[in-house]
Amino acid sequence: MNNLWRLCAILVMALFTALSGCAFPSGHVRPLYTPEPGTRSPMSTVPSSMISVEVEDERDLYVVNWLGDQKNNFGSVLRKVLSDNDPPTIVREALTAELLNNGHKIVDTEGGNSDAIVRVTLKRYWSDMAIHAFDVEMKGSLEADIVVLVGSDKRQLVSKPINGSYRESRQFAGDSAFESVLNGALHEFVRAFSRDPEIVDALRSAASRKEGVIGTGRKHTAAHQFSRGCCRRYLVFSAQVGWCQVRYSTHLWPSDVANLPAQERRISPGKI
């Protein structure tokens, strides 16, 4: 009986040794982030803004779409796990979906219309596995640096690392197991991004710099300041044709601007 068990053990070891030297076709995954319907994050407390999302890939050049390795019991690599989508695109689309879900608009940086720019530097996006006696432990991780800039002058508001990791246990580590932990890491990364108080405050600060347009006038460049009670209002006739803009401090509520009397909302250049 002991000889039979010994023979079986030898055969199993020989099988895995042979398999480790074979060339298996690569596994394929398609990581994707989808916001939960009807669920919003603290990002929704930021006034609706036009935001640009940029993602730069700083992983090793040879990695490209390589997001993990499937291994045998001895730790030898059987095959690579490749993403059908470009990882920077995956991250950009995930953040875009989250921002849209929280009431914001996504615009191209080149257009120059963004209130804020979210610049992401991708450092790592990887899945791994560890075979134990009765299960396979799967792990996914995503690491990136986030910078938030003011859209108009590119002034930096915050810069910090944001990470996401996810673990789960499986009986078998196939393509679906790798895709599951990569999705989990992506979800945790987006969750950390949208709930980070510094990032939320930076986007709120960028949104507060927007100027409200409240009237029209002839093409003119001048400024008019007038006081009413304890509040000061600044009306600026810009060089842009046909627009009169108002710049107000944090001491003046937007509702006050909307409720300005008609004679204050429409001031002709001749009265300045």
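Predicted model: local features only at pLDDT ≥ 70, side-chain atom pairs only at ≥ 80, totals over all residues.
Now look at which parts of α3 are hidden. Its buried residues are Ala 177, Phe 178, Val 181, Leu 182, Gly 184, Ala 185, Leu 186, Phe 189, Val 190, Phe 193 and Ser 194. An α-helix has 3.6 residues a turn, so residues three or four places apart point the same way.

Next comes the core. The largest nonpolar core holds 44 residues. Leu 142, Ile 146, Phe 189, Phe 193 and Leu 203 have the most contacts inside it. At least two core residues come from each of β2 (50-57), α2 (87-101), β6 (116-131), β7 (136-150), β8 (156-170), α3 (175-195) and α4 (197-208). Helix α3 gives the most, with nine residues. In soluble globular proteins, nonpolar side chains tend to be buried together.

Take Phe 193 as a way in. Beyond its neighbours within four places in sequence, Phe 193 is in contact with Met 43, Leu 95, Leu 99, Val 118, Ile 146, Ile 162 and Ile 199.

Strand β3 (residues 66-71) runs antiparallel to β4, with five bridges. Trp 66 has Leu 82 as its bridge partner in β4. β3 and β4 form a hairpin with five residues between them. In the turn, Gly 75 has a positive phi of about 85 degrees.

Methods:
Residues numbered from 1 in each chain as written. Heavy atoms only, no water. Core = buried A, V, L, I, M, F, W, Y, C linked by side-chain atoms within 4.5 Å. Buried < 20%, exposed > 50% of the residue type's maximum accessible area, 1.4 Å probe, protein only. Helix = DSSP H or I, 4+ residues; strand = E, 2+ residues; numbered from the N terminus. Contact = heavy atoms within 4.5 Å. Pairing = 2+ DSSP bridges.
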